[in-house]
Amino acid sequence: MVEDERTIAESVAARLRVEGFAVEIAGDGPTAVARFRACQPDLVVLDVMLPGFDGLEVCRRIQADRPVPVLMLTARDDETDLLVGLAVGADDYLTKPFSMRELAARVHVLLRRVERAAAAAPAALTVGDVEINQAERRVWRDGVEVRLTPTEFDLLVHLAGRPRAVLPRERLLADVWGWADGSGTRTVDSHVKALRRKLGADLIRTVHGVGYALEVQP
Ligand code: CA
């Protein structure tokens, strides 16, 4: 739990402990990165506004170390913060003020998603020059390993499961994020953008007004 406002940090930690999680608190950017490396958490709840360096920089640094689900907290419904957050590898976000019940629910959904994806994983999937090892959650393009966040990985696996087929954004949102109401399709766009940046712009085709398709490179 990374947050400099002690009251919020303590309430979130208390709620998550009730849910059965072991929780550590960090109150600034540098401490968050150091604690992350020391205690290897399964998930990070991360506030954007922090002393030292901000939550976006924390997210960049920890995701470069090791892919981990990140639930980002934003102070206001600021779309810029949100889109930047998703671009640096946050998997989900909550806008303050939020209820502890909502926070706990999002944490469970995120963890379940990662666990389910790992359990359902056939050993390997190869589409064109993209090679995916689902058990280890690793990806290579043209023999070069590419580091993806948990959500980027799940999105790629979904697209790769039906190469060339156009998958509507609402469906991706429901299948990858577990969001049934169809709002938040910008989240899908941000993650597609990140995948293109990391794996190559030619990999995913945009079908305007509909969704995305994974192209198979010869
Ligand atoms: Ca803060």
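Q: Where does Pro 97 lie?
A: Pro 97 sits in the loop between β3 (92–95) and α5 (100–119). Helices here are DSSP runs of H or I with at least four residues, strands are runs of E with at least two, and both are numbered from the N terminus.

Q: And what kind of peptide bond joins Lys 96 and Pro 97?
A: A cis one, with omega at about -5°. As a rule, most peptide bonds are trans, and most residues other than glycine have a negative phi.

Q: Before I go on, what am I looking at, and how are residues numbered?
A: This is a predicted model, where local features need pLDDT of at least 70 and side-chain atom pairs count only at pLDDT 80 or more, while totals for chains, interfaces and linings use all residues. Residues are numbered from 1 along each chain as its sequence is written, and side-chain values use heavy atoms, with hydrogens and water left out.

Q: Is Gln 40 buried, exposed or partly exposed?
A: Partly exposed, at 45% relative accessibility. The cut-offs are under 20% relative accessible area for buried and over 50% for exposed, with partly exposed in between (1.4 Å probe, protein chains only).

Q: What about phi of Arg 164?
A: Arg 164 is not a glycine, yet its phi is positive, at about 75°. Arg 164 is in the loop between α6 and β8, and with 57% relative accessibility it counts as exposed.

Q: On to sheets. What is the strand order in the parallel one?
A: β1-β2-β3, an open sheet of three strands with parallel pairing. Two strands pair if DSSP finds at least two bridges between them.

Q: Why is one side of β1 and of β3 left without a neighbour in the sheet?
A: Because β1 and β3 stand at the edges, and each has a single partner strand. The twist from one strand to the next averages 25°.

Q: What packs on that sheet?
A: Helix α3 (residues 55–65), which touches β1 and β2 and whose direction makes about 170° with that of β2. Contact means heavy atoms within 4.5 Å. Axes are lines fitted to C-alpha atoms, for helices over the stretch in contact, and angles run from 0 to 180 degrees between N-to-C directions.

Q: How many bridges pair β1 with β2?
A: Four, between β1 (residues 44–47) and β2, in the parallel sense. In β2, Met 72 is the bridge partner of Leu 46, and Leu 73 is that of Asp 47.

Q: How many residues of β2 are buried?
A: Five of the five in β2 (residues 70–74). Val 70, Met 72 and Thr 74 are buried on one side, and Leu 71 and Leu 73 on the other.

Q: Switching topic: which residues are the protein donors of the calcium ion?
A: Glu 3 (OE), Asp 4 (OD), Asp 47 (OD) and Met 49 (O), at 2.1 to 2.4 Å from the ion. Donors are N, O and S atoms within 2.8 Å of the metal, or 3.2 Å for Na, K and Ca; water is not among the atoms, so sites may look incomplete. The spacing of the donor residues in sequence is E-D-x42-D-x1-M.

Q: Are Asp 47 and Met 49 buried or exposed?
A: Asp 47 is buried at 2% relative accessibility, whereas Met 49 is exposed at 53%.

Q: How many disulfides?
A: The count is zero, with a disulfide taken as a pair of cysteine sulfur atoms within 2.5 Å. As for cysteines, Cys 39 is partly exposed at 32%, and Cys 59 is buried at 0%.

Q: And the antiparallel sheet, what order does that have?
A: β8-β10-β9, an open sheet of three strands. β8 (167–168) and β9 (204–207) are the edge strands, each pairing on one side only. Two bridges join β8 to β10 (residues 211–214), and Leu 167 has Tyr 212 as its bridge partner in β10.

Q: Which helices lie across those strands?
A: Helix α6 (residues 150–161) lies across β8, β9 and β10, at about 70° to β10. Helix α8 (residues 185–199) lies across β9 and β10, at about 150° to β9.

Q: At what angle do α6 and α8 pack?
A: About 90°, with their axes 10 Å apart. That makes α6 and α8 roughly perpendicular, a label for 65 to 115 degrees; under 35 is roughly parallel, over 145 roughly antiparallel and the rest oblique. Among the residues that meet are Leu 155 and Leu 156 in α6 and Val 188 and His 191 in α8.
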